[in-house]
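Subject: Handover of a structure and notes on its contents

Dear colleague,

Please find below the structure that I am handing over to you, followed by an account of what was found in it.

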Amino acid sequence: METLTERKGIVTAKGKPVTLVGPELKKGDKAPDFRILDTELNEKTLKDFSGTVKLISVTPSLDTSVCNRQARTFDARTEDLGIAVLNVSMDLPFALERFVQEAHPVRLKAFSDHREASFGTAYGVLMKELRLLARSVFVVDKDDVIRYVQIVPEMTDDPDFRAAMEALRPVSG
């Protein structure tokens with residue numbers, strides 16, 4: 001089995017440092033593949049979203065106010081864009097279905113990485129100590145090239161919504 005990179009000093013959880021597992025992805029990198037589950041337990045991969053711009057909103061758990069706000073904000077701000085908006089968390093698909101029933105997102109789809117942590121380890125946002133995903137945002141263009149990366153330094157803080165939306169402008173044309 002392949003040994004995964006561990007990175008420290010990037011993220012804290014309520015002020016306590018955590019270890020991120022996986023590579024440090026940068027703007028211009030090819031987006032790695034992943035295997036995540038939708039709310040009906042169907043497996044999805046990067047290929048399921050090929051040919052479209054993707055805003056990937058990564059949250060520790062949609063059962064928290066900050067994560068819920070992050071998902072709802074990205075859904076509202078992307079409603080008129082012809083892009084795929086994915087929210088990925090370690091929440092069980094059943095919890096994600098509850099979020100969908102309550103929030104009625106227009107563009108955002110909720111996905112679970114709980115089974116294998118495939119997304120978290122491929123994108124370098126799995127918090128080892130908590131087995132949750134670090135709050136982050138990725139913008140991936142139609143050719144699956146990463147155009148924007150933000151890993152939020154403190155897990156309980158909001159992402160920079162404006163910067164993420166500005167990063168979408170040139171690729172969502």
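In which sense do β10 and strand β11 pair, and over how many bridges? The two strands pair in the antiparallel sense, over 5 bridges. Please note that this is a predicted model.

**The strands around β10**

Together, β10 and β11 form a hairpin with 5 residues between them. Within the turn of this hairpin, Asp 144 has a positive phi of about 65°.

Strand β10 also pairs with β5: the two run antiparallel and are joined by 5 bridges. One example is Lys 54, whose bridge partner in β10 is Val 140.

Strand β10 itself, residues 136-140, is mostly covered, as 5 of its 5 residues are buried. Ser 136, Phe 138 and Val 140 point one way from the strand, while Val 137 and Val 139 point the other way.

Leu 55 is found in strand β5, which spans residues 54-58. Is Leu 55 buried or exposed? Leu 55 counts as buried because its relative accessibility is 0%, and buried means under 20%. Leaving out residues up to four places away in sequence, Leu 55 touches several residues, among them Phe 74, Leu 86 and, from β10, Val 137, Phe 138 and Val 139. Ala 84 is another residue that Leu 55 touches; the C-alpha atoms of Leu 55 and Ala 84 are separated by 6.3 Å, although the two are 29 residues apart along the chain.

Thr 78 lies in the loop between α1 (65-77) and β6 (84-89). Despite its place in a loop, Thr 78 is buried, with a relative accessible area of 0%. Apart from neighbours within four places in sequence, Thr 78 is in contact with Leu 55, Ile 83, Val 85, Arg 107, Met 165 and Leu 168.

**Salt bridges**

- Lys 128 forms a salt bridge with Glu 6, with the closest N and O atoms 2.8 Å apart. This pair links distant parts of the chain, 122 residues apart: Lys 128 is in the loop between β8 (126-127) and β9 (132-133), and Glu 6 is in strand β1 (residues 6-13). Lys 128 is partly exposed at 45% relative accessibility, and Glu 6 is partly exposed at 42%.
- The side chains of Arg 35 and Glu 116 meet in a salt bridge at 2.3 Å, N to O. Here, too, distant parts of the chain are linked: Arg 35 is in strand β3 and Glu 116 is in the loop between β7 (108-112) and α3 (118-122), 81 residues apart.
- Arg 69 forms a salt bridge with Asp 158, the closest N and O atoms being 3.2 Å apart. Arg 69 belongs to helix α1, whereas Asp 158 is in the loop between β11 and α4 (161-172), 89 residues away.

**A nonpolar patch**

Finally, Leu 41, Leu 92 and Phe 94 form a nonpolar patch on the surface, with about 300 Å² of accessible area together. Leu 41 is found in the loop between β3 (35-37) and β4 (43-45), and counts as partly exposed at 43% relative accessibility.

Yours sincerely,
A colleague

Conventions: Residues numbered from 1 in each chain as written. Predicted model: local features only at pLDDT ≥ 70, side-chain atom pairs only at ≥ 80, totals over all residues. Heavy atoms only, no water. Patch = residues over 30% accessible without salt bridge, like charges linked within 9 Å, V, L, I, M, F, W, Y side chains within 5 Å. Areas by Shrake-Rupley, 256 points an atom, 1.4 Å probe, with all protein chains shown as cover. Salt bridge = Lys/Arg side-chain N within 4 Å of Asp/Glu carboxyl O. Buried < 20%, exposed > 50% of the residue type's maximum accessible area, 1.4 Å probe, protein only. Contact = heavy atoms within 4.5 Å. Pairing = 2+ DSSP bridges.
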